[in-house]
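Good morning, and thank you for the time.

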Amino acid sequence: MRNIRATREFPLALRLLLFNQFGIDIGFYLLMPFLAAYLEQGLGMSAALVGLVLGARNLSQQGLFILGGSAADRLGPRVVIITGCALRTVGFALFAFGSSLWLLLCASVLTGLAAALFYPAVRTYVALESGERKAEAFALLNVYATSGSLMGLLLGSVLFLADFRLCAVVAAAVFGVLTVAQAMVLTKREVAPRGPSATVLADWREACCNRRFLLFSLATTGMFTMENQLYLLLPEGALDASGWKGAAGVLLAAGAIANMMFQLRITRALERNGGGTRWVSSGLVVMGLSFLPPLLVCGSEPPGSTSETMARTLVMVTGSVLLFFGIMVAHPTVMEMVPQFGRDSLTGTYFGLFYVFSGIAATGGNAVVGRAMDIGKQAGLYWLPWVCCLSFGLASAGAVAMLYRTRMLPGVPVPSGAPVAEGPVVGTATTVTAMGTAVVKRAAAPVVPMAPATPGTPSTAKAPQRPTPALESAANASEGLRPQDPARLPGPARAADDASDQPPR
């Protein structure tokens with residue numbers, strides 16, 4: 001009920017997007033977890049062809065996120081959201097009615113392209129429309145996504161027993177309804193006008209040259225690697241430990257229930273206690289520590305009784321719930337911070353580039369964990385993949401903590417002892433140090449030599465003129481300097497752009 005009440009406090013368009021995320025994850029998990037089994041068992045494809053079809057979706061999705069983000073900036077997120085949902089409708093329908101390799105490849109590419117358009121655009125819309133409640137909006141988005149994925153898995157496991165094509169038809173119908181609802185409800189946002197030199201490549205170059213954003217993206221790669229273990233390491237570990245095929249579903253169900261019950265409470269508590277930015281590294285630590293409980297049961301002999309099976313399943317559930325708690329702490333704030341590294345007009349570009357980094361990190365991290373799983377089984381080192389994930393979490397937490405201490409993250413408070421320059425104030429210039437803090441430099445008044453007055457001659461010196469408004473504002477600033485908000489610090493190649501930021505719309 002708490003989540004529903006919080007959802008109703010947002011505008012209608014945001015409420016639709018939250019429900020839309022719920023439906024998107026239902027449709028996705030209705031089909032995708034069962035696609036490999038359908039291709040291999042239902043159509044008789046080889047493992048290589050199955051890998052080709054699945055890889056085509058991943059490649060088109062991860063590689064085109066940046067295009068989806070730029071499209072959201074240039075065309076407006078509404079158009080891109082509707083287009084992405086419509087493309088996914090077509091792609092899932094092709095899975096239902098196509099059986100040739102080329103049709104299946106086309107369907108796979110379309111679903112990947114749809115995700116590349118949809119996800120950055122939705123995050124852009126939420127970031128621009130949620131105002132000061134960005135963290136809460138992203139927390140609710142996380143709740144609806146987790147709930148939808150669980151419901152999709154449960155419904156898909158039932159429909160798959162009947163026919164895979166039925167799963168695809170139902171999923172396509174869900175996306176079709178959502179497409180129509182978005183076209184009817186989502187409001188159009190005016191796109192900021194751009195000069196002739198503001199090209200897409202210039203936008204990408206600006207984002208890629210933002211050192212603070214790149215360091216943040218690199219520091220949070222461990223979060224996505226650990227999050228993906230909900231579908232790789234944890235299910236296999238639960239099966240090996242308990243010998244029960246339903247153990248993986250229990251892990252996801254327990255985590256989803258915890259997410260629905262505590263996500264919003266955790267986000268609000270963090271906002272009351274210094275903001276979520278200071279707690280991101282703590283959330284990553286919790287995510288890393290969640291891989292310690294499975295060490296108690298991994299590599300052991302198969303359970304000899306039902307009570308032993310339940311006990312081992314409970315240990316694995318503890319690790320899964322801890323992982324979900326870490327995600328609840330870190331993920332909404334990470335999403336909130338991404339657009340704060342750049343201009344509002346480049347929100348989609350920053351989200352798209354961030355998703356490219358996260359996709360590469362998840363792919364590479366899964367490869368490392370998968371290799372550790374193989375080595376662990378061959379050499380009897382069953383603890384190896386779990387310790388590997390723990391290392392990912394601690395390393396990522398340490399990197400984020402370092403960025404926080406050096407004040408390179410948005411929303412980090414600046415110490416009250418700001419530097420005060422000496423001398424008369426004529427103008428100010430704000431620069432950014434390598435540590436990400438704002439330093440105000442003041443230019444001293446120029447010294448004008450004056451000829452000594454001759455006795456008996458009237459003074460020709462003019463009375464001091466009234467200072468200009470710029471000088472008055474600078475003088476007022478000298479009485480009580482307020483440091484610049486680090487969330488709006490200009491990154492490389494953005495000094496001129498900050499001066500032309502568009503007002504909130």
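Let me begin with a group of rings: F213, F216, F224, F341, Y350 and F354 together make up one aromatic cluster. Please bear in mind throughout that this is a predicted model.

Within that cluster, consider F216 and F341.

Searching the whole structure gives 18 aromatic pairs. A pair of aromatic rings is described by the distance of the centres and the angle of the planes. I shall discuss two of the pairs, in those terms.

The rings of F92 and F175 have centres 5.0 Å apart, and because their planes stand at 85°, the pair is classed as edge-to-face. Which parts of the chain does this pair link? F92 belongs to helix α4 and F175 to helix α7, and 83 residues separate them, so that distant parts of the chain are joined. Both F92 and F175 are buried.

The pair of F216 and F341 is tilted, with 5.1 Å from centre to centre and 40° between the planes. This pair, too, links distant parts of the chain: F216 sits in helix α9, F341 sits in the loop between α14 and α15, and they are 125 residues apart.

R133 lies over the face of F10, at 4.3 Å from the ring centre.

Helix α4 runs over residues 77-97 and has 21 residues. From first C-alpha to last, α4 reaches 31 Å, close to the expected 30 Å. Its buried residues include V80, I81, I82, G84, C85, R88 and F92. What covers the buried residues of α4? The cover includes α2 (12-42), α3 (47-75), α5 (101-129) and α7 (164-185).

Helix α3 contains A56. With a relative accessible area of 15%, A56 falls under the 20% cut-off and so counts as buried. Leaving aside residues up to four places away in sequence, A56 touches L105, S108 and V109. A56 and L110 are 54 residues apart in sequence, while their C-alpha atoms are 9.5 Å apart in space.

Among the buried residues of α16 are P385, W386, C388, C389, L390 and G393. The cover over the buried residues of α16 includes α9 (211-219), α10 (221-227), α11 (233-242), α13 (280-289), α14 (306-337) and α15 (347-379). Just after α16, R407 adopts a positive phi of about 60°.

Finally, the protein chain as a whole. Its secondary structure comprises 18 helices and two strands. Of its 505 residues, 47% count as buried. The chain exposes about 23600 Å², of which carbon and sulfur atoms supply 66%. Among contacts with a separation of 6 or more, 81% are between residues 24 or more positions apart.

Methods: Residues are numbered from 1 along each chain as its sequence is written. This is a predicted model: local features need pLDDT of at least 70, side-chain atom pairs count only at pLDDT 80 or more; totals for chains, interfaces and linings use all residues. Side-chain values use heavy atoms; hydrogens and water are left out. Helices (H or I, at least four residues) and strands (E, at least two) are DSSP runs, numbered from the N terminus. The expected span of a helix is 1.5 Å times one less than its number of residues. Buried means under 20% relative accessible area, exposed over 50%, partly exposed in between (1.4 Å probe, protein chains only). Contact means heavy atoms within 4.5 Å. Accessible areas come from the Shrake-Rupley method with a 1.4 Å probe; for residues, only the protein chains shown count as cover. Rings of Phe, Tyr and Trp (its six-membered ring) pair if their centres lie within 6.5 Å; planes under 30 degrees apart count as stacked, over 60 as edge-to-face and the rest as tilted. A charge sits over a ring if NZ of Lys or CZ of Arg is within 6 Å of the ring centre and within 35 degrees of the ring normal.
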